[in-house]
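Visitor: I would like to go through this model label by label. Please set each value against its cut-off.

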Amino acid sequence: DFKGALASRNERKKVFEGVLAVDYTFTDLSDFLNEFYRDSTTIAAIFEKEEPHYIVATSTGNNGVNIVKERDCSGTSRTGLDHECAETMPCPDPTNSDDCKAVRVPAAELGGHERDAIVRSS
């Protein structure tokens, strides 16, 4: 879900215009971009504005989520970022494991497809 207020400037005042709400899954957005840009040299990516710029969707086929083995982060200093408390080892069976979790991927760490390098550098 995304919700945000829309405003315009009128005589140097911010004027409320309405609210925008979007309810799509990240997979829906990635599927759309992947299909739309499939036979194109263009790469499209949607990522969050705030650091660490988590991937929302890409046209490269990367869904911006890794299923990884979870580790115990208790007693460690964390900055609150999901990817800092996950092993890099893929989950052996993502569909049937309590030891694994989905971790969102920051744009700078995107990988898996040769065209992801362009997204990483943006």
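Guide: Start with the aromatic rings. F32, F36 and Y37 are linked into a cluster by ring pairs. This is a predicted model: local features need pLDDT of at least 70, side-chain atom pairs need pLDDT 80 or more, and totals for chains, interfaces and linings use all residues. Residues are numbered from 1 along each chain as its sequence is written, and side-chain values use heavy atoms, without hydrogens and water.

Visitor: How many aromatic pairs does the structure hold?

Guide: There are two. Rings of Phe, Tyr and Trp (its six-membered ring) pair if their centres lie within 6.5 Å; planes under 30 degrees apart are stacked, over 60 edge-to-face, the rest tilted.

Visitor: Why is the pair of F32 and F36 called stacked?

Guide: The ring centres are 5.7 Å apart and the planes meet at 20°, so the pair is stacked. F32 and F36 are four residues apart in helix α1 (residues 26-36), about one helical turn. Helices here are DSSP runs of H or I, at least four residues, and strands are runs of E, at least two, numbered from the N terminus.

Visitor: What makes F36 and Y37 an edge-to-face pair?

Guide: Their centres lie 5.0 Å apart, with 80° between the planes. That angle is over 60, so the label is edge-to-face.

Visitor: What makes the link from T60 to T58 a polar contact?

Guide: Their side chains meet at 2.9 Å. The rule asks for N or O atoms within 3.5 Å; within protein, one must be able to donate a hydrogen and the other to accept it, and residues adjacent in sequence count only if both atoms are side-chain atoms.

Visitor: Why is the pairing of R104 and E48 called a salt bridge?

Guide: The N to O distance is 2.7 Å. The limit is 4 Å from a side-chain nitrogen of Lys or Arg to a carboxyl oxygen of Asp or Glu, so the pair qualifies. R104 is in strand β7 (residues 100-104) and E48 in the loop between β3 (45-47) and β4, 56 residues apart.
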